[in-house]
Amino acid sequence: MTFTIKAALLSSAFALASPALAAGTHPVTGEKLADDQTFTYRVLDEHTSVDPQIVEDVSGSEIVRDLFEGLYNQDKDGNLVPGVATGYTTNDDKTVYTFTLRDNAKWSDGKPVTAGDFVYAWQRLADPATASEYQWYMEVMNIKNASAVMSGDAPVTDLGVKAIDDHTLEVTLEGSLPYFAKTTTHTSTFPTPKWAIDAYGADWIKPENIVVNGAYKLTEHVANERLVRERNEMYWNNDNTIIDKVVSLVINDENVALTRYQAGELDRTEIPAGQYPALKASNPDEATAFPRLCSYYYTINVSDNAPEFLKDVRVRQALSYAIDRDIITEKVLQGGQTPAYTFTPGATAGFEVPSVDYATWTQDERNAKAVDLMAEAGYDKSNPLELSLIYNTSEAHKKVAIAVSQMWKQNLGVKVSLENQEWKTFLNTRGEQNYEIARAGWCGDYNEASTFLDLVQSGSGYNDAKYNNAMVDELLADAKTMDDPQANYTKVEEIIAADMPLIPIYHYAGSFMIKSNLIGSWPVKNVEQNWYSKDLYKVAE
Amino acid sequence: MRQLETRSHQLGAKYRKFLVGRTGKSPGLVHIWEQFWRRLTLVKVKRAALLHGDRMFNFILRRVAVAIPTLIILLIASFWLMQSAPGGPFTSERPLPAQVLANIEAKYGLDQPTYVQLWNYVVGIVTEFDFGPSYKYKDRSVNDIIAQGFPVTLTYGVISFVLAIVVGGVLGMAAAIRQNSWLDYFAVGITIGAQVLPNFVMAPILILIFTLWLGWLPGGGWNGGEWQHLIMPVIALSTSYMASIARLTRSSMLEVLRSNFIRTARAKGLPDRTIIYRHALKPALLPVISYLGPAFVGMVTGSFIIDAIFGTGGIGYFYVNSAFNRDYAVMMGLTILLGSMTIMFNMVVDILYAWIDPKIRL
Amino acid sequence: MTDKLAQPFSQAKTAEMAENMAADDVQGRSPWTDARRRFMRNKAAMTSVLVLSLVLIFSLFGETISQFDNETIDWDILGSVKELGRPSIENGHFFGFDENGRDLYNRVVQGSRISLAVGIVGAFVAVIVGTIYGATAGFIGGRVDSIMMRLVDIFMSIPYMFVLILLLVVAGRSITMIFIGIGLTAWLDMSRIVRGQTLSIKNREYVEAAVAIGVPTWQIIFRHIVPNLLGVVVVYATLLVPQMILTESFISFLGLGVQEPLTSWGALISEGVKSMNYGTLWHLGFPLSFFIITIFCFFFIGDGLRDALDPKDR
């Protein structure tokens, strides 16, 4: 639990203490603010939707977090801060949560935000007719009757959520969930205005119809080109909102985006793989890299129909040992990534990276060991192992795959055939275990180690290696109810390092160019990168 | 028509051999030449038939009658190809739980047999002009996507197209008339250079020059079609077609200028201007017109790169990406749109062709 | 305008030429000899043949003068290609290193091989399919012709690039698929041109004679029609090759091209374009030069062939 009531109190105190901004200075830091508070950033691709219950992609969620506000928000460091809720109480076994909603929260059409709006939104999410791709989130939240409602076996009204009165929301869970409040920062739990949806149907999210309760209103949307959101005067904390206007531009090519950033058209863009050092040298105030809650790894097919050689643990270990992670992070990607020898990123809250043997060796030792293991398994340079490596179309994946295939070739004599597949084909191939080794990446759904380690559970839908280890399953099942599951997580990581059903390669970093007048307010310490435009500001230069 | 042709054969046979030779004729030109020669020998009957209103009407009717089954075949073929591609619209990095997937498929009718889906889709188009929903961009329909993206593509497409024809045509014509002058060399050099530079190379170079170094133009976006946002897309899209058209016009103009009837005209002492405008222009444009069809299709393809690099929001990007996203309805809606555009365009080209060369049977 | 054009019509000369043209099977200078002579006189075309031969030799034997290969990564260079990976004659990396620390010279050599192969094989597929289809339709004529040509119209309205993308997505990616896919999208124009030519050849005396003595249709098509189409086909094929190379480059830009470590001009160029603003301009320069020079050459040769085979210009 990282919820700090202190931070929450502090920020609401500010809301009360400074109803209007002193002209041109930041209310907390006292920095002088720039006159033009327009934030323009690049997105890779058109967002899927701005409907909180429908949206399923990162860029869409970023927009939804500006347009709508849920029970809780995250601050710069990823801690919970009150949103529409001011606080909550819970029963002893943490199965019933009662949230108190603030009475000054309003929709952009002037109606108050009530507990009923949340009930409607959550029922809408679980309703099979809505057909949301995030329906399962109700199960992650462990809400009572979620499964039955989703399958259509129970009416939506059976969902364990109800409005006691306009400002009190009661949620009943299937079982205890200590971190329930954390799950309410997810966009699919944000309230939606029933009257607008009833009036306009699927068109309710169009700029001319939409009703929002967040800090910004949607004012313009041109698909695949731009989306504009502007200050919402009805937002309860509008006085503390500094950025007036947010513009997201769809620019598919990251190199073109960088050129446009350099020409001053953007305030923020991603740094293409390999360019971070050069940009850091030329623009030290603008280039930034920070750890993300994501792991990059190669998954090895160990299912029943996998080729025999991959079922040999020595081969799997040798392949892992022969990869020089430092070269991948320091020479190929060069964007602040950290080498990975274990699966869960060190940035995960409350998780301590266990020390596994091969992480402590030098690369020469690892290579030597790998050659020995290969020899034991019956392969050497005169009798080379042949395998295929698939990855999905992307510059960065290609670079890593090329480097890894050469490491395997040069160290072990393994003949690797690289196969670059287009995204959906790739997912299909990997999901049906028609591969030998496949590139994979995973970003945490929430900030806790189980979101990563669940992937090696035998029953997990995301376990593309089809790794099956009863001991791991048991350790993970036990961890769910433990107060401090670190010991179990350590053991699981050690088992993975020994069995090597997946080869961890690196932990992601976000590397961005952010204009120097904005970078100070960017939440670089929020590893989930849940940012809110209302918390950003541009200082005067 | 048959009769006319036979007659022309007899009349022209003697000279035809001289003009056409036996083997190895250049593609369009010889054909055009034949048509042209026939025209010269058939002065009296030349306007006999083809531009007659009824014929034109019949021609259009016939083409439309063929267009409908064509579109249906196109629809079925692309639907089938799409369905046989691995993965579906809801295949994602995080496989959806079975129940969720079932709910979604039920909502979009994807749980039904393929032929039922196809039938429902066609019925939707015919009865309500509804091209279905986008599975990827869930808050909009294919109609929305077309309504928004198509005008964008059309705007920069038409401007590029007109520019390519006008500039290319004038340049080619000028080069031919002043053959072997500096103008000619300049035009040839420029056009060959422009023709071989792929637009995915040219577009980023334009952005580097005009946006980053000179700071004259915005590096992308559409902004409602402001002229500043139009310049680079139009240059990137039109240049190679402009070059092709200039080359085509130049070579066909040269041939026309060397032809017998122009020599005759010169012998008669007609002024150059009259010769060119009155006699040479129309025949010289024939190969250019036959090139317009492929150029149009090429520009549709090229619009993907324009949208991808300049972020203009046209349908080119949606189209290619709908294949990658397995966004069936978007893919089919745009196939129908672009297919019918192509059919219509080819029809217009044929009519134009017949207008210039009445020997062509409509 | 020039004196040459204004010259009075020389009756005698024309008669002589017409005689030559007609004397197809008569001993003496065949039209092919004439064509060759005319082609040899075309300086641009002959230079292009020379340059193209050099590119071809480069693509086939370029590796022999380099001690490196196209896939081995130099780990010391990787990550600092901009500073250490410049082209250099002394260290044997003539074209420098690519972004992944591999020798660019060898990559360009191997990429040339793929691109030329795609261009030539693709054009070949298009020519074969288009010629047979067009000649058949044109020769048989009547209802068969109109059905076959309607079909071409139908195919023409298919956005072919999209079909190509779908094909590569559905059938997986392989060089063969790229060859076939690119070739199959280009045969339509070919078939139309060939049909037009066939229609005019069909009425020649020797064909009529063959029909009269009862030679089977397919035999007439292959014995008489197709050989007489050769000129058009050769010219068109030459112009088709650069088009195929351009198509392949677009496919590579989409990321649907050949698999690593193999590469092609399109793939190299699109990598080069991405990094052109990062101080490694040689990544773009070398492959793009080869690409442009080759396409130039094909254009000039195509134009030259057309002029040579098309006696009416003389």
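# Reading helix packing, a core and a chain contact

Q: In this predicted model, at what angle do helix H11 (residues 272-310) of chain B and helix H12 (residues 315-325) of chain B pack, and how far apart are their axes?
A: The two helices pack at an angle of about 100 degrees, and their axes are 7 Å apart.

Q: How is such an angle read: what is the orientation of H11(B) and H12(B) to each other?
A: Angles of 65 to 115 degrees count as roughly perpendicular. H11(B) and H12(B) are therefore roughly perpendicular to each other.

Q: Which residues meet where H11(B) and H12(B) touch?
A: From H11(B) come Val300(B), Ser303(B), Phe304(B), Ile306(B), Asp307(B) and Ala308(B).

Q: Which residues touch the most other members of the largest nonpolar core?
A: They are Ile505(A), Ala203(B) and Ile165(C), in a core of 319 residues. H11(B) gives the most to this core, with 19 residues.

Q: What is Ile505(A) in contact with, leaving aside its neighbours within four places in sequence?
A: Its contacts are Tyr296(A), Tyr297(A), Tyr298(A), Ile323(A), Arg325(A), Ile328(A), Ala340(A) and Val400(A).

Q: How many residues of chain A and chain C are in contact?
A: There are 21 from chain A and 16 from chain C. On the chain A side, the elements giving two or more residues are helix H8 (254-262), helix H12 (325-333), helix H15 (395-412) and strand S15 (415-421). H15(A) gives the most, with five residues. By class, that side of chain A has six nonpolar, nine polar and six charged residues.

Definitions and conventions. Residues numbered from 1 in each chain as written. Chains lettered and ligands numbered in written order. Predicted model: local features only at pLDDT ≥ 70, side-chain atom pairs only at ≥ 80, totals over all residues. Contact = placed C-beta atoms within 7 Å. Helix = DSSP H or I, 4+ residues; strand = E, 2+ residues; numbered from the N terminus. Nonpolar A, V, L, I, M, F, W, Y, C, P; charged D, E, K, R; others polar. Axes fitted to C-alpha atoms, helices over the stretch in contact; angles between N-to-C directions. Parallel < 35°, antiparallel > 145°, perpendicular 65-115°, else oblique. Core = buried A, V, L, I, M, F, W, Y, C linked by C-beta atoms within 7 Å. Buried ≥ 20, exposed ≤ 12 C-beta atoms within 10 Å, placed from the backbone.
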